[in-house]
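Subject: The structure I promised you

Hi,

Here is the structure I said I would pass on. Have a look at it first, then read my notes below with the viewer open.

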Amino acid sequence: MTITAKLTMRDRLQVWLPKLVLSPSLALTLVFVYGFILFTAYLSFTDSRILPSYGWVGWENYVKLFSLRHWEVAVTNMAVFAVLYMAICTAIGLMLAILLDQKIRGEGILRPIYLYPMALSFIVSGTAWKWMLDPGIGLENTMHALGWVNFQFDWIKNRDFAIYTVVLAAVWQTSGFVMAMFLAGLRGIDNDILKAAQIDGASNWNLYRRICIPLLRPAFLSAFVILAHLAIKTYDLVIALTGGGPGRATELPATFMYSYTFTRNQMGIGAASATIMLMTIAAIMIPYLYSELRERR
Amino acid sequence: MAAATQDMVVRTGAVTRTLIYVVLLLFALFYLLPLVVMLVNSVKPLAEITGGNMIAFPDVWTLEPWRKAWSEAQVGVQATGLKPYFWNSIKMVVPAVTISTILGALNGYVLTKWRFRGDTVLFGLMLFACFIPFQIVLIPMARVLGIFGLAGTTWGLVVVHVVYGIGFTTLYYRNYYAAFPSELVRAAQIDGASFFQIFWRILLPSSGPITVVSIIWQFTNIWNDFLFGASFADFSSQPMTVALNNLVQSSTGVKEYNVHFAGAILAALPTLLVYIVAGRYFVRGLMAGSVKG
Amino acid sequence: MAFLEIRNATKSYGSVEVLHDIDIAIEEGEFLVLVGPSGCGKSTLLNMIAGLEEITSGEIRIKDIVMNNVHPSKRNIAMVFQSYALYPNMTVAQNITFGLEMHGIPKPKREKALHEVAALLQIEGLLDRKPGQLSGGQRQRVAMGRALVRNPDVFLFDEPLSNLDAKLRVDMRTEIKKLHQNLGTTIVYVTHDQIEALTLSTRIAVMNNGHVQQLGTSQEIYDRPANLFVATFMGSPAMNLIPVTLAADGGKLLARTAADSPTVSLALPDLMRPALEKFIDQSVILGVRPEALTDVDGADQRAPHLERFSSLVLLSEPAGSDTYVTTRIGGVECTARMRADARVTAQASTDFVINMDRVVFFDPATEVRIA
């Protein structure tokens, strides 16, 4: 005699419940992220102007985009900004982390001071720096008032230098975060390794150069990925700090996309620029996420 | 942040040590300067700012700029001050944070304790969504919000922030629950607890820290957002960041720097407070978003 | 119809089969131990019985009901985990009664069951504590209490003692054995520790590479290991395995060690002859437990077939109750278990005795026991 136990309704539900619970989030992501990406990518091949339109124009928008002086400026600015921003953030972050790692009294106060800008909106920090750098009332004016009449600092009004003020504000906002990442990395290094190196007679300089910094590789990688994606997405800061000006001196792809799509009514070109931005980020993020998720299997 | 300091003493000379302190303090000054400048100039009469020293303390202390920024300043068309926009932000942030955190917790639970074939791929898809440049979704999102009648509403923004916040909250809970012993879940299964009972009775009581992290991160991110607010909100639903930008960029009349500074601090205050009160969790959230290990 | 039956059960992950055709049946009240090295599939099998892992093919029945698709909570089983898996946010009392609560048993009944179990395990004083405030041994008891309170058909233990220190492990082992004797419950117990397997079980399933190598009582497994794997895995120090050649010398069958100075020649009991007939003039492996290889005075004098030879002592390790002596026989190092007061000196020759009734033989090609 064999009795085969039957699955009750409740049991059946329990089997499907996990997937059921996950599905709303998944559906949202598939539609609002991947569906939208496909839609925008599609629009970039159409003659959309003020509203989406479905006339297929092939690569025309991309051809136009890359012949636009405006886009060229935005891409060049992006390159300058991204390289400087990432390099300076990493340098300052690493330096501060190493210095803070020297049994510093007051580390508990300094650390939050370095990091707090990260909690602010880019609009707030952009506003603050906008007036700080404004020659009329900011630093320059202050120096003049203090008696240093020849002091000149008008980068924000200068077409050739304005992009560096964006770098300055962005570094101010995120370098503390990079510091925190490196500090966590340093604190995570096995103490026995450091002791062994000291017994081996390594000087402080060599200790960091030969042991610690190589061991911080994962932190460097994470910093690079985070900074790169922040750089490409930079939008609010430019809006608040310079509004893309003077002229187009601080236009970035993100501001370009916004103005072409919503104020210049060139949606096809706007969509093309957004697609290019996505591709750039994907080229960095996908290998990174792939390796991160693979290791955890 | 890791509380453990290295017990190894790195020996440094007195000169080097002094130098280290000098550098560290200079950087502290660099990070503090904009905030101090904003604070100092937000309590000065306008004449003192245009006339003189940005860093000097005010000769005449006044809270007038704050009052003006809050309830009188011309933001956009009407002279309402930032007050209504502050409430817009609150009305947007609270539901968006709540919903995205709940979804993230459930997703993390499923992805770690009820694993199935292909779950990592699904998680990867959700995670990648955190990093896309949001420009790529602006056009279709505007259309979809329009179709559902959510364009220009606070609820529209809530939807947007929930959708693009799920990736992060899921990441937090997934990493946290991955370290939660699976044997407990198995024991509860044998004890006869259902899917939700296991979540509610076993996992959730231990999820305090990560919930704080998730809430703080979402709160900060959504409060500070500008792009979505600028793209999808109208005057009835614009968040604080957009209003602040309008206030600062308005080209009419005299630039009231002191009011702008007061407004900027008002916009920064909630996240700054959260940072001061729960900075530890804020940093954990930042780290989890970068070093996934 | 057995109480718990595993019929042709297999388990695959993707295309990799990790358990092959497992067939085990146990009666009510049996204490089955699944033992084997890590990765042999024993925990997977236990999880399949519990319903925590799906069965790829085959059947698992409890009380003749096919359990393949039954939810763990409805199999009327209880499980004690290696990490104890106590819910950290609940008190001991809540931990023990959680399962009853989930099964909708009313509070007064739960309380009564709780106090019975607590009294049985002597943990009445701990009921209001959280798991974090308990010692390892106390946690172990609470975990057992959580299993006992359900009054299940089958208890499943997943390496429950491996997180305890050596002394506590022995105490808890005794306690589990007592519990089994007093309550007469059916138990399936997973361990990698062969001593636990030998002491606790009514029957043992020795597993390796996803196969059951041998299923039998402690005695059978220890004295008549089915193959070389079981022979070496069970017993400590391990069984001595000596390559020998079988030779017929008149009516006698002899096992001769290979050219090693001096060659040892051992006469086998006549009883073994039929099984070994076809291996005459071939190489086989002789297996002898250390306690069957001993000094002359320590040998069991009533044993009918004692073979005596002398060999060089390489090492002598007094271990309190016994002395372990290492020597070389047939080119391999062998361990002899002698009395504590056996007088042996390293690097000197001494006389050894083998109890030939306790010797087994293996075919070196198939590694299976032939006699």
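One definition before we start: two residues are in contact if their C-beta atoms, placed from the backbone, lie within 7 Å. Also keep in mind that this is a predicted model.

**Chain C**

With that definition you can read the first number. Take the contacts in chain C between residues at least 6 apart in sequence: 65% of them join residues at least 24 apart. For secondary structure, chain C has nine helices and 20 strands. Its C-alpha trace spans about 80 × 45 × 35 Å along the principal axes. Chain C has 371 residues, and buried ones make up 42% of them.

How is chain C split into domains? The domain assignment gives domain 1 (4-233) and domain 2 (240-362). The C-alpha centres of these two domains of chain C lie 39 Å apart. Where they touch, five residues of domain 1 of chain C are in contact with four residues of domain 2 of chain C.

**Chain B and its domains**

Chain B is divided as well, into domain 1 (14-62) and domain 2 (83-290). Their C-alpha centres are 33 Å apart. Seven residues of domain 1 of chain B are in contact with seven residues of domain 2 of chain B. On the domain 1 side, the elements that give two or more residues are α1 (14-42) and α2 (46-51) of chain B. The largest share, four residues, comes from α1(B). By class, this side of domain 1 has four nonpolar, two polar and one charged residues.

**Two helices inside chain B**

Next, a pair of helices. Two packed helices are described by the angle between their axes and the distance between the axes. In chain B, helix α5 (residues 119-128) and helix α7 (residues 154-178) pack at an angle of about 130 degrees, and their axes are 7 Å apart. Are they parallel or oblique to each other? They are oblique, because of that angle. The crossing of α5(B) and α7(B) is left-handed.

Which residues meet there? From α5(B) come Phe123(B), Met126(B) and Leu127(B), and from α7(B) come Ile166(B), Gly167(B), Thr170(B), Leu171(B) and Arg174(B). Sorted by class, this contact has five nonpolar, two polar and one charged residues.

While you are in α5 of chain B, click on Leu122(B), which is found in that helix. Is Leu122(B) buried or exposed? It has 21 other C-beta atoms within 10 Å, so Leu122(B) is buried; the cut-off for buried is 20 or more. Leu122(B) and Leu111(B) are 11 residues apart in sequence, and 9.0 Å apart in space from C-alpha to C-alpha.

**Where chain A meets chain B**

Last, the contact between chains A and B: 91 residues of chain A are in contact with 80 residues of chain B. The largest share of chain A's side, 17 residues, comes from α1(A). By class, the side of chain A that touches chain B has 62 nonpolar, 21 polar and eight charged residues.

You will meet α7(B) again here. Helix α1 (residues 9-43) of chain A packs with α7(B) at an angle of about 130 degrees, with the axes 9 Å apart. That makes α1(A) oblique to α7(B), and the crossing is left-handed. Ser25(A), Leu28(A), Thr29(A) and Phe32(A) in α1(A) meet Val163(B), Ile166(B) and Thr170(B) in α7(B). This contact has four nonpolar and three polar residues, with no charged ones.

Something to find in the viewer: Ile166(B) and Thr170(B) are among the α7(B) residues that meet α5(B), and α1(A) meets them too.

Definitions and conventions:
Residues numbered from 1 in each chain as written. Chains lettered and ligands numbered in written order. Predicted model: local features only at pLDDT ≥ 70, side-chain atom pairs only at ≥ 80, totals over all residues. Axes fitted to C-alpha atoms, helices over the stretch in contact; angles between N-to-C directions. Parallel < 35°, antiparallel > 145°, perpendicular 65-115°, else oblique. Left-handed = near helix turned anticlockwise from the far one by under 90°. Nonpolar A, V, L, I, M, F, W, Y, C, P; charged D, E, K, R; others polar. Domains from an automatic or database assignment. Buried ≥ 20, exposed ≤ 12 C-beta atoms within 10 Å, placed from the backbone.
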